[in-house]
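User: I would like to go through the terms used for this structure and see what each one rests on. Please set the values against the definitions.

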Amino acid sequence: MKFLDKQNLALTAVATAIALGCCNFAQAETPSWCGPKKASIALLDGYGGNSWRQVTTASGKEEALKCPSITKYEYADGQGDTQKSISDVKAMAAKGVDALVVFPDAGQAMLPAITSVFKSGKVIVPYRVEAGGQAGTNYTKFVGTDFKNDGQNWGNWIKSVLPQGGNILFVSGPAGNSQGLDELVGLKSVLGPEYKFINPEPFDVTNWDPALTQKVLTAEIAKNSKIDVIVSDFGPSLVGALPLFKQSGRSIPALATSDGNSLGCLWTDVHQDNPDFKLFTVSTENDNVRLAVQWAVAAVTGGTPPTEETFKGPVFENSVTGAPHPVQCRKDLPGQIYLSAELSPEEQTKAVSTK
Amino acid sequence: MNATSNQMSAGPLAGQTFHLPVSREFVTVVISTIALIGVCLLFAPSSLSYGALEGSLPFAALIAIVGLGQLLVVQQGGFDLSLAGGVSLAVVISTHYPQGNNALLFPAVLMAIACAIMAGLANGILVSLFRLNAIVATIGVNALLYGAVFAVSGGVPKTTTTLLAAIAGNRTLGIPNSLYFALAALLVVSFFLKKSAAGRRFEAIGANPLAARAVGLRVQLHQLLAYVFAQLLYCLAGLLLAGITREPTAFQGDSLLLPSVAVVVLGGTSLLGGRGFPISTVIASFFLNQLSQFALAVGVPYSAQTIIQALALGFGIGVYSVRWTINMTRQTEPV
């Protein structure tokens, strides 16, 4: 009897677990932004040749396939060629793909192609880079990134580690890039006059190229005997340049930037010899694509659109407080992955190893 | 053709007029460099501090090595646009094949050298045997090399092996190792060009291929080998670049193409071919690198930095053009 009771109890527990599992499974399978209408979706990159894009592409695919109504997922890489990017957009629409998520690297040059696809009745969602135009007229929805928010996050952290003020060196990508300009607006909205920007206005140009970053940092280290904090919007490009401080007999200063496995591992290796090397990172924002995919899928399948309209990159690492995360390093995995991304590190490794 | 003949006759005549123990090209580039150092000392002394030089000289060494490669091709009246692809391919082979494993670095270096020889042969055969325009042929080979870069890397950067980072990035006797490599490349190229019979033939062919063919020199072979040796030098630069920048991109060679031509011109070598000036080319590399460090140290905007470099290049070309005109005038006087 006791045995039977135990058996019944076990069966009930298993049945309950299965039922609960099914519910969770069903919930995971059909997010609210996923409607019932069957559709195909394509992700179009203006330039797909770096690890950030590969992780982002894999993230976009993972997000789209969360919705069982998506029957097909396609991808095209413009390879940095505006003509090819334009023809990719048109070709995908001509092939009968129902929804397109586009990274319009070429900016406004992409708008006519995007508009013509939208006018033909397709769902098209540009994200991250503005192509001009308006939602409802030229495209379904633009999912931008709140770079000012990144600047504010960095600024607030700088205030916490340097409350008396100090010298800030801000380095960004190509000259005049809107991401860097927006981040600077965010930084200045938080920091007072006691924080002095020692770089040429608006930022030191590095093109996000590690060799140029190294040259720029060499000149800045020689010129400025006091650099209290470096702000950079692409942390991994600094990995080769930061040891220059050691060569000059100085400690690496505090660094507010975006995350990357190679940067986390550099901090882990050298922070004990560099007492001033505090690290604060925001997410490198691979998950921006997920929000764009959600908007596109919601529009094409008849799901509920997400509440967020702009992607706000979350804070990721803080070596001082350990919140929300202490500095992360996975030495067993490639340096070119981003542990802040929702995509699992193992999946990212697969993505960046694909040729 | 007329221009190359004038170029040949200008050399000895210039020597007779001024009796300089060194070439005028060398004097020009040295004076320009000393003047730049003076300007740096006055307006941006930080750009000449030990720390700044230690950080920037490895990049000058890279420009010098690719400049020497470009010099060999320019001496044959050619132009090598496949430099960017050659350097980038060496970078990705030396970082992707070993995948961080030092034991695999040596085979990777051998693979990079083999690829460089093949690329050089492709350039050389197209230009010297099939008589294709050098710019067209090397653009085509550059596209092939970038195809190989994508095949190896998928466009994704990889972290350098610790061994390569140490070989290229460390210092010996307080001097960055990359400078020793540049010095070795300079010695080999200078000795070959100036002290070997093959080098003398090489310069004579570059100055006047028709006359060289008439006296029985193997013009096509020398032209072909110029492209092969150039690719080997680009390969060396690529390997060093992979070590100096810890996480190089797959397109790292792009930024070296313009400086490579600039230092050849600033060094006084005529773009029409003929006599080459390896030492002047290497000094011009230091000049060009120091100029960009000066612009960075002064803190001028990025647009002004680019303009300053372009003006320096224009100045280099202008200086040699003016001298050439004076020679022409003097040449006609005795007649």
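Analyst: Domain bounds are taken from an automatic or database domain assignment. For chain A this assignment gives domain 1 (39-145 + 286-313) and domain 2 (147-282). The centres of domain 1 of chain A and domain 2 of chain A, taken over C-alpha atoms, are separated by 32 Å. This is a predicted model, in which local features need pLDDT of at least 70 and side-chain atom pairs count only at pLDDT 80 or more, while totals for chains, interfaces and linings use all residues. Residues are numbered from 1 along each chain as its sequence is written, and chains are lettered from A and ligands numbered from 1 in the order in which they are written.

User: Why is Asn261(A) called buried?

Analyst: A residue is buried if 20 or more other C-beta atoms, placed from the backbone, lie within 10 Å of its own, exposed if 12 or fewer, and partly exposed in between. Asn261(A) has 25 C-beta neighbours inside 10 Å, so it counts as buried. Asn261(A) belongs to helix H9 (residues 261-270) of chain A, where helices (H or I, at least four residues) and strands (E, at least two) are DSSP runs numbered from the N terminus.

User: Which residues is Asn261(A) in contact with, leaving aside its neighbours within four places in sequence?

Analyst: Contact means that the C-beta atoms of two residues, placed from the backbone, lie within 7 Å. For Asn261(A) the partners are Cys329(A), Arg330(A), Leu333(A), Pro334(A), Gly335(A), Ile337(A), Tyr338(A) and Leu339(A).

User: What makes Leu173(B) exposed, and what is stated about its phi?

Analyst: Leu173(B) has 5 C-beta neighbours inside 10 Å, and therefore counts as exposed. Its phi is positive, about 55°, although Leu173(B) is not a glycine. Leu173(B) sits in the loop between strand S1 (171-172) and strand S2 (175-176) of chain B.

User: Is Trp208(A) buried or exposed?

Analyst: Trp208(A) is buried, because 20 other C-beta atoms lie within 10 Å. Trp208(A) also has a positive phi, near 55°, in a residue other than glycine, and is found in the loop between S7 and H7 of chain A.

User: Why are H3(B) and H12(B) called roughly perpendicular?

Analyst: Angles under 35 degrees count as roughly parallel, over 145 as roughly antiparallel, 65 to 115 as roughly perpendicular and the rest as oblique. The axes are lines fitted to C-alpha atoms, for helices over the stretch in contact, and angles run from 0 to 180 degrees between N-to-C directions. Helix H3 (residues 50-75) of chain B and helix H12 (residues 257-266) of chain B pack at about 65°, with axes 8 Å apart. H3(B) and H12(B) are therefore roughly perpendicular to each other.

User: Which residues make that contact, and how do they divide by class?

Analyst: H3(B) contributes Ile63(B), Val66(B), Gly67(B), Gln70(B), Leu71(B) and Val74(B), and H12(B) contributes Pro259(B), Ser260(B), Val261(B), Val263(B) and Val264(B). Ala, Val, Leu, Ile, Met, Phe, Trp, Tyr, Cys and Pro count as nonpolar, Asp, Glu, Lys and Arg as charged, and the others, Gly among them, as polar. The contact of H3(B) with H12(B) accordingly has eight nonpolar, three polar and no charged residues.

User: How many residues of chain A are in contact with chain B?

Analyst: In chain A, 30 residues are in contact with 33 residues of chain B. H7(A) gives the most to the chain A side, with 10 residues. By class, that side has 13 nonpolar, 13 polar and four charged residues.
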